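Welcome to this short tour. Please open your viewer and keep the selection panel at hand.

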Amino acid sequence: MIARGTNRPDEPDDRALGRSRGGLTTKIHLACDGKGRPLAVLVTPGQRHDSICARPLLERIRVPRTGPPTTLQA
């Protein structure tokens with residue numbers, strides 16, 4: 001018997017399905033701009049804690065530059 005909250009050996013770690021008392025669950029983490037438009041998406045198993053996902057989600061944000069590069073002056 002496998003303990004609750006642990007991954008089953010026959011399921012890969014990158015699958016975004018989590019097991020809980022309510023059944024299979026999934027969380028969709030979104031990083032949005034001020035107008036609510038999504039900048040990055042991360043899908044995780046439902047039992048994964050939100051704080052663990054914050055850094056990987058923020059690292060996925062890519063904002064294109066629209067002007068020429070600027071240099072810092074001392």
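**A walk along the chain**

Start with a cartoon view of this predicted model and trace the protein chain along its sequence: the pattern is β-β-β-α. Now colour by burial: of the 74 residues in the protein chain, 16% are buried. If you list contacts between residues at least 6 apart in sequence, 21% of them join residues at least 24 apart.

Next, select I28, L30, V41 and V43, which make a nonpolar surface patch of about 360 Å². Strands β2 (23-32) and β3 (38-45) each supply at least two residues of this patch. Centre on V43, in strand β3; its relative accessibility is 43%, so V43 counts as partly exposed.

Now turn to the charged side chains. How many salt bridges does a search of the whole structure find? There are two.

For one of them, select D50 and K27: their closest N and O atoms are 3.2 Å apart. D50 lies in helix α1 (residues 50-59) and K27 in strand β2, so this pair ties together parts that are 23 residues apart in sequence. Both partners are partly exposed, D50 at 43% relative accessible area and K27 at 25%.

Finish with D33 and R37, whose salt bridge has its closest N and O atoms 2.8 Å apart. D33 is partly exposed at 23% relative accessible area, and R37 is partly exposed at 48%.

Notes. Residues are numbered from 1 along each chain as its sequence is written. This is a predicted model: local features need pLDDT of at least 70, side-chain atom pairs count only at pLDDT 80 or more; totals for chains, interfaces and linings use all residues. Side-chain values use heavy atoms; hydrogens and water are left out. Helices (H or I, at least four residues) and strands (E, at least two) are DSSP runs, numbered from the N terminus. Buried means under 20% relative accessible area, exposed over 50%, partly exposed in between (1.4 Å probe, protein chains only). Contact means heavy atoms within 4.5 Å. Patches are made of residues with over 30% relative accessible area and no salt bridge: like charges are joined within 9 Å, nonpolar side chains (Val, Leu, Ile, Met, Phe, Trp, Tyr) within 5 Å. Accessible areas come from the Shrake-Rupley method with a 1.4 Å probe; for residues, only the protein chains shown count as cover. A salt bridge is a side-chain nitrogen of Lys or Arg within 4 Å of a carboxyl oxygen of Asp or Glu.
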